[in-house]
Amino acid sequence: MSVSPIVSVRDLTVTFKGPPDVHAVNGVSFDLAPGEVLGILGESGSGKSVTLKTLLRLLPEKRTTIGGTISVAGQDVVALQGRALADYRGRVASMVFQDPALALDPVFTVGQQISEAVIRHEGVSKAEARKRALEMLERVRIPSPARRLDAYPHEMSGGMRQRAMIALALACRPKLLLADEPTTALDATVQIQILLLLRELQRDFGMSVIFVTHDIGAAVEVSDRLAVMYAGKFVETGGVRDILRDPRHPYTRGLLAANLHGAEKGTRLEAIPGAPPALHEAPTSCSFAPRCRHAEERCHHALPPVVPLGEARNVRCILAEAARQDA
Amino acid sequence: MLFYLVKRVLYTLPVAFGVSIVCFMLVHIAPGDPLTSVLPPDASAQLQQEMRRLYGFDRPYYEQFLRWFGRALQGDLGTSIATGRSVTSELVKAMGNTLILAAFATMIGFVLGGLFGFVAGYFRNSFIDRFASLLSVIGVSVPHYWLGMVLVIIFSAQLGWLPATGAGPGGSSDWAWDWAHLKHVVLPAITMSVIPMGIVARTIRALVADILSQEFVGGLRAKGLLDLGVFKHVVKNAAPTALAVMGLQFGYLLGGSILIETVFSWPGTGFLLGNAIFQRDLPLLQGTILVLAMFFVVLNLIVDLVQSAIDPRIQRS
Ligand SMILES: Nc1ncnc2c1ncn2[C@@H]1O[C@H](COP(=O)(O)OP(=O)(O)OP(=O)(O)O)[C@@H](O)[C@H]1O
Ligand code: SF4
Ligand SMILES: [Mg+2]
């Protein structure tokens, strides 16, 4: 990669203090170039949301231990505190939540909620901020935006609320947008509109996006690269096409097989037999081994290696290692 | 909004009518003849008859009620048997005094309760939270007449800083906005504020904790708001409920202060009601109960309207 990355994450671990402790993220590393879209796929509980929240430092401070390094636009995110952290949130990186009905304050108008962020980060006047809010509502194509400025979240439909949420997240032109299942709470037809909107805004603003989803179709639609997450690790990363054409990790294969062959778009990723492990201890062997058809003795005793296969393509599995040696 | 307002006001009318029937009946359900307390024990049967006719007690209940109700609508609640003055004028004066006491007590209770509640909700399970919770439990459970007497013993009897009884110098019951009168209200108001303080503190603590656990608070932090900015949102989310609780507490204080007003001889409605009961002063009793009940009806109406004006979610339902 020639351009220097906007996001650089190394050996990220996130542990929630118990009892029992939960090792939600167990060594995640990746880079993201400016303007690049990374889709994170994985079944429920694999640590997708925790990874995103960590990038914005939204986890409960006291109960959370973060290890490794996160650098976003040159800032050491793990070390950010107080005002510097608040300056970073919403301006450098911001977030679109899964359910906009819950993520917006019910007793403030949409216009107020957007203006507030603009005033906070840019110190402009109220009138100026309101103008920006209006601009943003136009930008996300909310019908009659001037009227919607003074609407409360409950007065809008789900799709419109999510548009408003996106307008809010992008109001201060962040370099990085974190989207945690931004369409899961919406109707199927609206989902596609929101995905297209996100893709369009991402291109217009040239921002990087990390997009978490259960929906492989959606991930393919908007992403340049994919990361498949399992038990707090990225088990396979690579370009969308490479992974679709040639998945290497048994878990990725299971996912794709379960979802691409005859499965409806939008179904959840749960078709692989077995359940993900409890995360009460940091893994010391392949977390997928209990569910893996190819598991060998050593898979149960040691962590599988991270095998690099070409540019920005990594697989955590002994099979990939063997394949590389064959080649 | 206007439609909601009109609808809500119209709803109130049948409630008010029902309440006035109950008020009228309650007094008649009580045993004994209201006249026995004013007539000499050896009054002749003929005199009793005469008095009964004079006060209209010989008419059927519905007629008595309609007559009473019709006059009440015009602001005439009859004449106090004990004092011979009009019930309305007695009530107006007492209501003014109770209002003053209740207003001070609510103010103290709301400010302190709000403060404790917010701090406790923000720092839940911390030392401060436990301390604030302890205070509010004490506030709700301490018998307030006892607290009143303790305050009187300390600040009036021992230290001599504040007067123990009455609403003004020389036992006057006419209020004025000067220190000579204000210092009479200090002790009863503090005594009275203890209960609303405890209730407001507990409500706000639970409210704040609940608001802080909602997802949108994460959303506020995610857009970079500082603590003060988040606080603003918490306050606005808490305000409708907090105001409703304050309004209701104010209402309770307007009605239920017989004990405190008696301890401090504060010439308010509670004191008046107490006297009316002990003296079996029927018109005064009916009038006082009616007015207090109407207070609650109107109070609920106001609380509702204010709440819906503040909270955008309530209006359209
Ligand atoms: N605040 C928290 N405290 C304790 N444990 C948590 C917390 N947040 C998440 N976890 C745990 O961390 C693990 C990963 O959760 P996460 O929310 O990241 O999953 P996910 O991949 O986003 O799943 P889903 O697809 O259901 O959203 C889960 O076991 C979850 O229970
Ligand atoms: S490392 Fe072993 S157990 Fe893990 S996915 Fe590869 S083959 Fe399966
Ligand atoms: Mg999630």
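A salt bridge here is a side-chain nitrogen of Lys or Arg within 4 Å of a carboxyl oxygen of Asp or Glu. With that in hand, select A:Arg91, A:Glu122 and A:Arg132: these three are linked in a network of salt bridges. Keep in mind as you click around that this is a predicted model.

Zoom out for the total. Over all chains, the count comes to 22 salt bridges.

Pick A:Asp31 and A:Arg10 next. They form a salt bridge, and the closest N and O atoms are 3.0 Å apart. A:Asp31 sits in strand E2 (residues 22–32) of chain A and A:Arg10 in strand E1 (residues 7–16), so the pair ties together parts that are 21 residues apart in sequence.

Now go to A:Arg57. Its salt-bridge partner is A:Glu61, with 3.2 Å between the closest N and O atoms. Is A:Arg57 buried or exposed? With a relative accessibility of 6%, A:Arg57 counts as buried, while A:Glu61, at 46%, is partly exposed.

Hop over to chain B and select B:Arg85 with B:Glu90. Here the closest N and O atoms of the salt bridge are 3.2 Å apart, and B:Glu90 is buried at 14% relative accessibility.

Next, show both chains and look at where they meet. Chain A brings 26 residues to the contact and chain B brings 19. Together the two bury about 2000 Å², 61% of it on carbon and sulfur atoms. Highlight A:Val107, A:Phe108 and A:Glu116: they supply 26% of the area chain A buries against chain B, more than any other three residues. Which residue of chain B forms a salt bridge with A:Glu116? Select B:Lys223, where the closest N and O atoms are 2.9 Å apart. Between chain A and chain B the count is 2 salt bridges.

For a contrast, center on A:Lys233, in strand E10 (residues 233–239) of chain A. This lysine is buried but has no salt bridge; the nearest side chain of opposite charge, A:Asp11, is 9.5 Å away. Leaving aside residues up to four places away in sequence, A:Lys233 touches A:Asn26, A:Val28, A:Val228, A:Pro283, A:Leu303 and A:Arg316.

Last stop: ligand 2. Of the 13 residues around ligand 2, the nearest are A:Cys286, A:Ala289, A:Cys292, A:Cys299 and A:Cys317. Color the shell by class and you get 11 nonpolar residues, 2 polar ones and no charged ones.

Note on methods: Residues are numbered from 1 along each chain as its sequence is written. Chains are lettered from A and ligands numbered from 1 in the order in which they are written. This is a predicted model: local features need pLDDT of at least 70, side-chain atom pairs count only at pLDDT 80 or more; totals for chains, interfaces and linings use all residues. Side-chain values use heavy atoms; hydrogens and water are left out. Helices (H or I, at least four residues) and strands (E, at least two) are DSSP runs, numbered from the N terminus. Buried means under 20% relative accessible area, exposed over 50%, partly exposed in between (1.4 Å probe, protein chains only). Lys and Arg count as positive and Asp and Glu as negative; His and the chain ends are not counted. Contact means heavy atoms within 4.5 Å. A residue is near a molecule or strand if one of its heavy atoms lies within 4 Å of it. Ala, Val, Leu, Ile, Met, Phe, Trp, Tyr, Cys and Pro count as nonpolar, Asp, Glu, Lys and Arg as charged, and the others, Gly among them, as polar. Buried area is the accessible area (1.4 Å probe) that two parts lose on being put together, summed over both.
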